[in-house]
Each structure stands twice: as structure tokens, then as C-alpha cells.
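Please find below a colleague's note on the structure under review.

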Amino acid sequence: MQIILVSRARKLPKTLDLADHRLRWKLFSVTALAVLGCMGAGMALAMLVASPRDRALAEIRDLQQQARQQDAQLGGVRQEAQRSLDALAVKLGQLQAQSTRLNALGERLAEVGKLDDGEFDFDQQPAVGGVEDPGSSAYALPPALDNSISQLASQFDRQQAQLSALQSLLLDARIESNLKPTGMPVPGYISSYFGVRADPFDGRSARHTGIDISTPLGTPVHTVAEGMVTFAGVRQGYGNVVEIDHGNGYMTRYAHNSALVARPGQHVQVGNVVARAGSTGRSTGSHVHFEVWYNGRVVNPLAFVRNHR
């Protein structure tokens, strides 16, 4: 089989012999290249047409994946933040409880110390002040909030320990003060002092073991210290007498009473009425004979009377 190619330019015609093996391979190669070229052009055209949409869809899928990952990370951050807030709330609650205890302790100290009203007001914030810094932010938090709260808690603990120690000292001092005889058992004037004196009945020199306080008949006799009534009855020479043991080596005696109010075994506080003034026993008139004993020895009551404010 032959193919004759005739040119319009009146050139000699060309004859292609298809029986030639090399010619057939050339024609096949050209045809294959043409087909591949068409396929490539079609694919390129298809990619040019479809590529923007596919790329957009791919980008959307990537963004969706990133959004899901960020949402998961945000959930973890929320949980961690919630745990931190819960821990912070617990710490703040503990600090608030400590602050309440400190306020109550401070009020007790103010009461025990007999401070003036209004000198310490634990219900109000302490007055503070300072120059405003315009360059600082309004609610700037410290870099390490947890560390700051821990330091504040430690400070509260130290303050509470110090206040507790101060409370113990004040209470011990108050108890010691309450157990020590102080003041006059009745209003009046001292008509006879402690020590050697002339006996009012025979004029002889005699040792007076207390002080006599002149006061009207029936005047309430008050105990000058806290303690336990160990005797309430009649003793020779003393008439109606009340004796009180204060538990710290001190004992007080109130004699010549017209009536006894306290009873043996009764616990009395400072200022309680234990008797009524009178002139029973060896007495020349209405008064109270007041004695102070310390560790089994009688001492001059005048020092304790003068300590009274």
C-alpha cells in the first residue's frame, strides 16, 4: 500500500510506501505523540478549570481540621483553668476563714485588754492611702498569683500564732490579776492599820493582823479576788467571818459582819457580795476587819488596797 502526497506548488509528488517497516514506526510514533499531546492538553485544561475549586475545598478541609484541633485544645485549657479556679477558690476560702478567726481573736484581745471602744474596729478595713500612679494598670495581677496567695496564707498563719500567744499572755495576766487581792472590800475609811497598836479594850500593846475599815451597818462586803469560800461562820474574836482561798497562795478574811451571804464551797468572782458589815465579835462599832494571808503567813493588806485604781 502506498500513499502519494501531491503539493500545490507543482513540486514532484512524494510517495510513502507503507510496506516500509521504518516508515510504519515513524507514523506510529507521530500518531502516539499526537494522541499523548491531546491527552496532556485535555488534562491541563481540566486542571485549569477544576483546580481552584479543589484547592478551595482542600483548604476548607484543612481549616476545619485545624478548628477541631484548636477546639480540643481550648477544651483542655478550659478544664485546666477551671481546676485552677477551683484551687484558687479553696485557698481564698481558707484565707477568708483565717481572716474571720483573726477578727474574732482581735475582738477578744481588745475586750480582755480593756481597750477603748472604737480603738480597734475589726469589722472595718484598715485605712490606707497613697499617690496614684497614672502609668500603672488598674487591676494588674502579680506574676505568680499562687505564690502570692501562699505567702499571704503563711503571713496569716504567723499573725494568728502571734495573736494566740498574745491572747494567752493577756488571759494569763488577767487570771493572775483576778486571783490577787486588790482593792477595798467596802467603801469607807481605814480606822486601824496593820501592825502593833494599843488594844481598844484594855489599852495594852497588841499586834493587829489586818486593817479595820469603818463603814455603816449592813454595807455589802465584796470579795477583792476570785476564789473559793473555805469558811463562813463564827470565829472567836472575829464574830461572823468569811474566808476565801484564791488558789495561788493568797487567802483573804472578812470579819465582824452582821450577816453572811456566801457559803462554804461557793466559787466567787471579784466584786461578789459575801457578807454585810457589822460589829459582831470583839468590836467597838460597825466596820470590816480585812486580812490577807500569803503562803500561810499574814501580810499587810495596805499594799493590796493601795494597788486599787
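The points below go from the overall fold to single residues.

1. Overall composition. The coordinates are those of a predicted model. The protein contains 14 strands and 3 helices. Of its 309 residues, 24% count as buried. The accessible surface of the protein amounts to about 21,700 Å², and carbon and sulfur atoms account for 57% of that area. Among contacts between residues at least 6 apart in sequence, 60% join residues at least 24 apart.

2. The nonpolar core. The largest nonpolar core is made up of 22 residues. Those with the most contacts inside this core are Val221, Val242, Ile244, Tyr254, Val274 and Phe290. At least two core residues come from each of β6 (211–214), β9 (239–245), β10, β12 (273–277), β13 (287–294) and α3. For Val221, contacts beyond the neighbours within four places in sequence include Pro185, Val186, Tyr254 and Asn257. The list for Val221 also includes the run Asn272, Val273, Val274, Ala275, Arg276 and Ala277, as well as Val288.

3. Aromatic pairs. The structure holds 3 aromatic pairs. In one of them, the ring centres of Tyr250 and Phe304 lie 5.6 Å apart with the planes at 85 degrees, so the pair is edge-to-face. This pair links distant parts of the chain, with Tyr250 in strand β10 (residues 250–260) and Phe304 in helix α3 (residues 302–306), 54 residues apart. Tyr250 is buried at a relative accessible area of 11%, and Phe304 is buried at 10%. Ring pairs join Tyr250 and Phe304 with Tyr294 in a cluster.

4. Charges over rings. Two arginine residues deserve a mention here. The charged end of Arg235 sits over the ring of Phe231, at 4.0 Å from the ring centre. Arg253 lies over the face of Tyr238, with a distance of 4.9 Å to the ring centre.

5. Asp199. This residue is located in the loop between β4 (195–198) and β5 (205–208). Asp199 counts as buried because its relative accessibility is 11%, which is under the 20% limit. Its side chain makes a polar contact of 2.9 Å with the side chain of Arg282. Apart from neighbours within four places in sequence, Asp199 is in contact with Arg204, Ala206 and Arg282.

6. Glu226. The side chains of Glu226 and His267 are joined by a polar contact of 3.1 Å.

7. Backbone angles. Which secondary-structure element holds His256? His256 is found in strand β10. Although it is not a glycine, His256 has a positive phi of about 65 degrees. Asn295 is likewise not a glycine, and its phi is positive at about 55 degrees. Asn295 lies in the loop between β13 and β14 (297–299).

8. Accessibility at these two positions. Are His256 and Asn295 buried or exposed? His256 counts as buried, since its relative accessibility is 5%. Asn295 counts as exposed, since its relative accessibility is 56%.

How values were computed: Residues are numbered from 1 along each chain as its sequence is written. This is a predicted model: local features need pLDDT of at least 70, side-chain atom pairs count only at pLDDT 80 or more; totals for chains, interfaces and linings use all residues. Side-chain values use heavy atoms; hydrogens and water are left out. Rings of Phe, Tyr and Trp (its six-membered ring) pair if their centres lie within 6.5 Å; planes under 30 degrees apart count as stacked, over 60 as edge-to-face and the rest as tilted. Helices (H or I, at least four residues) and strands (E, at least two) are DSSP runs, numbered from the N terminus. Buried means under 20% relative accessible area, exposed over 50%, partly exposed in between (1.4 Å probe, protein chains only). A charge sits over a ring if NZ of Lys or CZ of Arg is within 6 Å of the ring centre and within 35 degrees of the ring normal. Contact means heavy atoms within 4.5 Å. Accessible areas come from the Shrake-Rupley method with a 1.4 Å probe; for residues, only the protein chains shown count as cover. A polar contact is a pair of N or O atoms within 3.5 Å; within protein, one must be able to donate a hydrogen and the other to accept it, and residues adjacent in sequence count only if both atoms are side-chain atoms. A nonpolar core is a set of buried Ala, Val, Leu, Ile, Met, Phe, Trp, Tyr and Cys residues joined through side-chain atoms within 4.5 Å.
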